Amino acid sequence: MSLTTLQSVDDKFELYTNYRASCSSRLRIALNLKNITPSYRYIDILDDEQYGAIYSRINPSCSVPTLIIASPDGTTLKITQSISALAYLEEAYPGLYPLLPKSIRARATVRSLVAIIACDTQPVAKLRVLKNIDTMGGDSLSYARKMIMEGLKAYEITITECAGKYSVGNDLSLADVCLVPAIWGAEMFGVDLEELPTIKRVYDHISGLPEVQKAHWKRQDDTPMELRE
């Protein structure tokens, strides 16, 4: 699919993000693919900045990302969940690198895969959950590896029936946009991807895209210097 922009955008975008947060990474990838450059606001989730008085008023869930869209007519839209933001970008700017297939059945498959990542895989291993496990005396690392692998195995089984170059056929979709940060997270926790050959093949293809490389957690302005590439 061509990256040619078929729609002009007069809106201004502001993205509250964190380099290591999977939900932020999804949105960075999608914005890059759509050639939308937001103003970035960095939230230090390791230092609990998301719970502070300023940011908690912006996003009551105390999570990242938050996408704020200012239109020329003076109206502003705030979206505080990544999947809602991805859906809005698809609906509001259909001429900018569409990430949903034309087929309604393929769209359903893409949305199912998005949910496997966004509902079953990433949330159960997110930072606030792991901190609570540690507080209760549990082994957060083993837990994270187990839950991430369970979610990715479900994704693997699903795409064995529909994958082409990408998760669903040969066009990049929202499923891939959500998969890539999940793989980055899995690598952080030392999850062995050799058990997931279809995912690994799809990921290897996607990870070479410039828009994905630009969104990588090791290449963000708020990435600590010792972790940067």
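The centres of domain 1 and domain 2, taken over C-alpha atoms, sit 20 Å apart in this predicted model. If you want to find the two parts on the chain, the domain assignment puts domain 1 at 3-98 and domain 2 at 104-215.

Now look at where they touch. On the domain 1 side, 23 residues are in contact with 19 residues of domain 2. The size of an interface is often given as the accessible area lost when the parts come together. Here, about 1900 Å² is buried between domain 1 and domain 2, and carbon and sulfur atoms give 65% of that area. Within domain 1, the residues that lose the most area to domain 2 are R26, I29 and N32, which together make up 30% of what that side buries.

What about charges across this boundary? The rule finds one salt bridge across the interface of domain 1 and domain 2. While you have the side chains on display, pick out K131 and D48: they meet in a salt bridge, at 2.9 Å from N to O.

Next, turn to a pair of helices. Helix 3 covers residues 82-92 and helix 7 covers residues 174-188; they pack at an angle of about 145 degrees, with 12 Å between their axes. The crossing of helix 3 past helix 7 is right-handed. Zoom in on the side of helix 3 and you'll see I83, L86 and E90, which meet L174, V177 and C178 from helix 7. Sorted by class, this contact of helix 3 with helix 7 comes out as five nonpolar residues, one charged and no polar.

Terms used
Residues are numbered from 1 along each chain as its sequence is written. This is a predicted model: local features need pLDDT of at least 70, side-chain atom pairs count only at pLDDT 80 or more; totals for chains, interfaces and linings use all residues. Side-chain values use heavy atoms; hydrogens and water are left out. Axes are lines fitted to C-alpha atoms, for helices over the stretch in contact, and angles run from 0 to 180 degrees between N-to-C directions. Helices (H or I, at least four residues) and strands (E, at least two) are DSSP runs, numbered from the N terminus. A crossing is left-handed if the near helix is turned anticlockwise from the far one by less than a right angle, and right-handed if clockwise. Contact means heavy atoms within 4.5 Å. Ala, Val, Leu, Ile, Met, Phe, Trp, Tyr, Cys and Pro count as nonpolar, Asp, Glu, Lys and Arg as charged, and the others, Gly among them, as polar. Domain bounds come from an automatic or database domain assignment. Buried area is the accessible area (1.4 Å probe) that two parts lose on being put together, summed over both. A salt bridge is a side-chain nitrogen of Lys or Arg within 4 Å of a carboxyl oxygen of Asp or Glu.
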